[in-house]
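The entries follow in the order in which I made them.

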Amino acid sequence: MLRYIYGTDLHTCPALRDAMFRDRADQFKTRLGWEVSVDATGAERDRYDDLNPLYVIWEEPDGSHGGSMRFLPTTGPVMVNDHFGHLTGGVPIASPRIWECTRFCLSRGAGSHVAAALMLGGGEIMQNFDVDHFVGVFDARMVRIYRMIGSSPEVLGSQGTGRSQISVGLWQFDPDAKAAVAQRAGLSAELSRQWFDRSFGGARAQNLARTG
């Protein structure tokens, strides 16, 4: 199922938290060879994890981590402005209606439905937090995954060629896209909304936004 957890609340689910950060290390350091920091416990974290982001996590039936993403409003520090501004012509992206999505991570062996479910969770955030777009940096391998899910971004700028290419993308999520992603995830829109409401106690997310 999908869970929505703020950084300051990760202590309430320590096993899921620790597995998420270990899976991030496995994906970004071990498999992709990115220059990321991994601590003595095998966890990959960066300074943006200290800014109380909102995590969307796919929790498997046995309670393990299947995949996750991290969200922060662009009104504060975000990777796209701090490290990849050259891909947007040096123009900062900063709006309360644009959030950054980073650390899209899938555990080893995760099914394709997990990636689609995470995107569906992103759609719930858009709808309930009055967000118009997500912005994010992605590499060439993700192009196929986004196309498979049915949620490809508008590319704002790229650097490199082939497998080494990195790009900044802008996502929007209209009702038709949500329906297509839900179908790919094998989930109903009603169940997706139930999971969102469960995470926020049934209250409107706008009143609980602690990241902005």
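I am working with a predicted model, and I began with its largest nonpolar core, which has 39 residues and in which Leu118, Ile125 and Phe129 have the most contacts. I then noted that helix α3 (residues 112–129) gives the largest share of this core, namely 10 residues. For Ile125 I listed the contacts beyond four places in sequence, and among them are Tyr4, Leu54, Trp99, Phe134 and Phe196.

A second, separate core has 12 residues, including Tyr48, Leu72, Met79 and Val168.

Val137 lies 31 residues from Val168 in sequence, yet their C-alpha atoms are 4.4 Å apart. Val168 also touches, among others, Val80, Phe84, Leu87 and Leu156.

I noted 15 aromatic pairs in the structure. In one of them, Phe129 and Phe200 have ring centres 5.9 Å apart and planes at 70 degrees, so I recorded the pair as edge-to-face. This pair links distant parts of the chain, since Phe129 is in helix α3 and Phe200 is in the segment after α6 (189–199), 71 residues apart. Phe129 is buried at 7% relative accessible area, and Phe200 is buried at 8%.

I also looked up Phe138 and Tyr146, an edge-to-face pair with 5.5 Å between centres and 80 degrees between planes; both residues are buried.

Arg45 lies over the face of Phe21, 4.6 Å from the ring centre, and Arg103 lies over the face of Phe28, at 5.2 Å.

Technical notes:
Residues are numbered from 1 along each chain as its sequence is written. This is a predicted model: local features need pLDDT of at least 70, side-chain atom pairs count only at pLDDT 80 or more; totals for chains, interfaces and linings use all residues. Side-chain values use heavy atoms; hydrogens and water are left out. A nonpolar core is a set of buried Ala, Val, Leu, Ile, Met, Phe, Trp, Tyr and Cys residues joined through side-chain atoms within 4.5 Å. Buried means under 20% relative accessible area, exposed over 50%, partly exposed in between (1.4 Å probe, protein chains only). Helices (H or I, at least four residues) and strands (E, at least two) are DSSP runs, numbered from the N terminus. Contact means heavy atoms within 4.5 Å. Rings of Phe, Tyr and Trp (its six-membered ring) pair if their centres lie within 6.5 Å; planes under 30 degrees apart count as stacked, over 60 as edge-to-face and the rest as tilted. A charge sits over a ring if NZ of Lys or CZ of Arg is within 6 Å of the ring centre and within 35 degrees of the ring normal.
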